[in-house]
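Dear colleague,

Please find below the structure I am handing over to you, with its sequence. My notes on it follow.

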Amino acid sequence: DREGKIEYADQGTLFLDEVGEMPLATQVKFLRVIEDREVARLGANRGRKVDVRVVAATNADLTEKVQRGEFRQDLYFRLKVVTIDLPPLRQRRGDISLLVDHFLQLMRQQHNKDIDAIDRDAMVALVQYDWPGNVRELRNAIESMVVRARGNILTRQDLPPEIWARTSCTRC
């Protein structure tokens, strides 16, 4: 009797993170759900109609996965209605300070810490870092800095060591 995720999202949006990692067997079933707009609970004899908007995200190159037979072409084209290409954070360095400010506000409240700002040297190091983990890594770095902060201004001493070691900040 339990409602599944797709049924729960009825009349709303279903977000599929890392859709490129979906197994082929699941892709077949999901394509059927999208095409028929119907789901069946486990053991049920009848399906239930659903009206769901699907938003999917992936770091994978789905066109390559389709060519290699790792992602169904019919599902790829069904999902590819509107595409938003978001380059990695290292190619959008101008966004880093905005994201830092946002995450700093969030983490300050979440950890109930009185942090006023981040100093220039620490910000330079954050902007210079390549962020292989993209925005998630940046968020975690800011949370780490807030948790470990020694004062009310975040400094280079508060930076996670892997970030400090990989930047070329000579003033820092």
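**Findings**

Asparagine 134 counts as partly exposed, because its relative accessibility is 22%, a value between the 20% under which a residue is buried and the 50% over which a residue is exposed. Please bear in mind that this is a predicted model. Asparagine 134 is found in helix 7, and its phi is positive, at about 55°, although the residue is not a glycine.

Glutamate 18 also deserves mention. Its phi is near 55°, again a positive value in a residue other than glycine. Glutamate 18 is placed in the loop between strand 1 and helix 2. With a relative accessible area of 24%, glutamate 18 is partly exposed.

The largest pocket has a volume of about 1400 Å³. The elements that each give two or more residues to its lining are strand 1 (12-17), helix 2 (24-36), strand 4 (52-57), helix 3 (62-67), helix 4 (73-79) and helix 7 (134-148). Strand 4 gives the most to this lining, with 6 residues. In total, 42 residues line the largest pocket, and those that lie nearest its centre are Val55, Ala56, Ala57, Thr58 and Ile84. Divided by class, the lining has 25 nonpolar, 6 polar and 11 charged residues.

The second largest pocket holds about 310 Å³ of space. It is lined by Asp1, Arg2, Glu3, Gly4, Lys5, Ile6 and Glu7, together with Val39, Ala40, Arg41, Leu42 and Ala44. Helix 1 (residues 5-8) supplies the largest share of this lining, with 3 residues. The class counts for the second largest pocket are 5 nonpolar, 1 polar and 6 charged residues.

Which residues make the nonpolar surface patch of about 380 Å²? The patch is made by Val81, Val82 and Ile84. Isoleucine 84 is placed in the loop between helix 4 and helix 5 (93-110). Its relative accessible area is 73%, so isoleucine 84 is exposed, the cut-off for that class being over 50%. Isoleucine 84 is also among the residues that lie nearest the centre of the largest pocket.

With kind regards

How values were computed
Residues numbered from 1 in each chain as written. Predicted model: local features only at pLDDT ≥ 70, side-chain atom pairs only at ≥ 80, totals over all residues. Heavy atoms only, no water. 1 Å grid on protein atoms, 1.4 Å probe; cavity = no way out; pocket = protein on both sides within 12 Å on 5 of 7 lines; lining within 4 Å. Points joined across faces, edges and corners; volume = space filled by probe spheres on them. Helix = DSSP H or I, 4+ residues; strand = E, 2+ residues; numbered from the N terminus. Nonpolar A, V, L, I, M, F, W, Y, C, P; charged D, E, K, R; others polar. Buried < 20%, exposed > 50% of the residue type's maximum accessible area, 1.4 Å probe, protein only. Patch = residues over 30% accessible without salt bridge, like charges linked within 9 Å, V, L, I, M, F, W, Y side chains within 5 Å. Areas by Shrake-Rupley, 256 points an atom, 1.4 Å probe, with all protein chains shown as cover. Salt bridge = Lys/Arg side-chain N within 4 Å of Asp/Glu carboxyl O.
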